[in-house]
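Here are my notes on the model you sent. They are in numbered points, to be read beside the structure.

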Amino acid sequence: GFNQKELINLGREYNRQEEFDKAQEVFLEAIEIDPESIEAHIGLAQCYRLKGKRYREKDRFVKAEGVLKKALKINPESERIYIELARCFMNKSKCFRHKRGYEKARDMLKKAIEIDPGNEEACIELARCHIYFGEFKEAADLLEKVLRINAKNKAAIHDLDVCRQYM
């Protein structure tokens, strides 16, 4: 059998290959080995979220959110959980065309940034929420912050160009 770290890596690989049933099985096994593993919970949530996005299945997003809420009970200070929750809300909103998810995502990302102010991923995702709401100045400020941390961040460079077209 595999150890927990190998299971998590295998699960991530299955997620990349869109083999969601295999990924789910592997992440559940990893959680059985260590019920406190944040990595395994996030991997399982990503599996559900990606499958929900791929097949437009609302219940997959609900499952992902449930897994992440469990993970928050284990570690309420993990910015990665908030980022993944935000992605769930945003993906669900995109699939089902309602903006409520972006509002929830914005709250999750602000929490992630509160925990880790230099988190590039959280700043970019929050900037994308601002862009969604037409708040281009706020988005640009965040993206400029990312570029001060990492001048080569391609996503930030791209999204900042988008903002400037509307400012």
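**Notes on cysteines, the first helix and a loop**

1. The sulfur of Cys88 is 11 Å from the closest cysteine sulfur, which belongs to Cys95, and this is too far for a bond. A disulfide here is a pair of cysteine sulfur atoms within 2.5 Å. By this rule the count comes to 0 disulfides. Cys129 is likewise in no disulfide, its nearest cysteine sulfur being that of Cys123, 12 Å away.

2. This is a predicted model, in which local features need pLDDT of at least 70 and side-chain atom pairs count only at pLDDT 80 or more, while totals for chains, interfaces and linings use all residues. Residues are numbered from 1 along each chain as its sequence is written, and side-chain values use heavy atoms, with hydrogens and water left out.

3. Are Cys88 and Cys129 buried or exposed? Cys88 counts as buried, at 0% relative accessibility, and Cys129 is buried with a relative accessible area of 0%. Buried means under 20% relative accessible area, exposed over 50%, and partly exposed in between (1.4 Å probe, protein chains only).

4. Helix H1 covers residues 4–16, 13 residues in total. Helices are DSSP runs of H or I with at least four residues, numbered from the N terminus. From first C-alpha to last, H1 reaches 19 Å, close to the 18 Å expected at 1.5 Å a residue; the expected span is 1.5 Å times one less than the number of residues.

5. Gln4, Leu7, Ile8, Gly11, Tyr14 and Asn15 are the buried residues of H1. Seen down the helix axis, they fall within an arc of 120 degrees, so they line one face of H1. The arc is taken from the directions from the axis to the C-beta atoms. The face turned away from this buried side carries the exposed residues Lys5 and Arg16. The cover over the buried residues includes helix H2 (20–33) and helix H3 (38–55).

6. Just after H1, Glu18 takes a positive phi of about 60 degrees.

7. Where does Asp34 lie? Asp34 is in the loop between H2 and H3, and is partly exposed with a relative accessible area of 28%. The side chain of Asp34 reaches the backbone nitrogen of Glu36 at 2.9 Å. Asp34 and Gln4 are 30 residues apart in sequence and 7.6 Å apart in space, C-alpha to C-alpha.

Notes:
Helices (H or I, at least four residues) and strands (E, at least two) are DSSP runs, numbered from the N terminus. Contact means heavy atoms within 4.5 Å. A polar contact is a pair of N or O atoms within 3.5 Å; within protein, one must be able to donate a hydrogen and the other to accept it, and residues adjacent in sequence count only if both atoms are side-chain atoms.
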